[in-house]
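Subject: Structure for your files

Hello,

Here is the structure I said I would pass on. My notes on it follow below.

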Amino acid sequence: MDRTDKRILNILQRNGRITNSKLAGEIGISPPAMLERVKRLEKSGMIRQYAALIDREKAGFSLLAMIIISVSLNEIKSLEDVKDKLIILDEVQECYQLTGDVDFLLKVAVRDMSNYTTFINAKLTGIPGIQNIRTSFVLETVKSSTVLQLDED
C-alpha cells in the first residue's frame, strides 16, 4: 500500500459516496486508474464494506449501554459457544473479547429501559456460562468515529 492508496482510504473513510471522478480529481490521477486502485483495495480486503451510518437516537434507540460480562469457564463447553450466542443478538452493536478479569465488552443500543430489561432478562441471562453482568449507561457520546487516520508519508 503506497501513499496514494492511503490518501484514497482517508478520503473514502470520510465520504464513502464520493464519485470516482471526484476522488480521482482530489488525488490527481485519472478516473480509470482510480477505479483500478479502489477495486484492488476492495479485493485485498483493505476496504471491507461500505455502509450508511445511522443516527442512533433519531432512529429511536435512545439508550446506549456498555455491558461487561464475565463467564464461568467450568459452566460452558467453550468461549466460542458464548461468542456465537452474543453475536446473533440484534441489540449488540459491538462485542469485544478482553483480557483481564472480564471476558467481554458489549456496546448495546436499545429503545428504552423497558427494552434493556427485556434484553437482559430474556436474552443475555439465558446464555449458559454467563456469571456476571455489569452495565454502565452512556450519558453522552463525546467522540464516535469509524475513521482510522492513515499516515500518508
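Leaving out residues up to four places away in sequence, Ser-70 touches Asp-101, Val-102, Asp-103, Gly-129, Ile-130, Gln-131 and Asn-132; a contact means heavy atoms within 4.5 Å. This is a predicted model, in which local features need pLDDT of at least 70, side-chain atom pairs count only at pLDDT 80 or more, and totals for chains, interfaces and linings use all residues. Residues are numbered from 1 along each chain as its sequence is written, and side-chain values use heavy atoms, with hydrogens and water left out.

Ser-70 lies in strand E1 (strands are DSSP runs of E, at least two residues; helices are runs of H or I, at least four; both are numbered from the N terminus). Ser-70 counts as buried because its relative accessibility is 11% (buried is under 20% relative accessible area, with a 1.4 Å probe and protein chains only).

Helix H1 (3-14) is one of the elements that supply at least two residues of the lining of the largest pocket. The buried residues of H1 are Asp-5, Ile-8, Leu-9, Asn-10, Ile-11 and Leu-12, and they pack against helix H2 (20-27) and helix H3 (31-43). The 12 residues of H1 should span 16 Å at 1.5 Å a residue, and its end C-alpha atoms are 17 Å apart, which agrees (the expected span is 1.5 Å times one less than the number of residues).

Regards

Methods. Buried means under 20% relative accessible area, exposed over 50%, partly exposed in between (1.4 Å probe, protein chains only).
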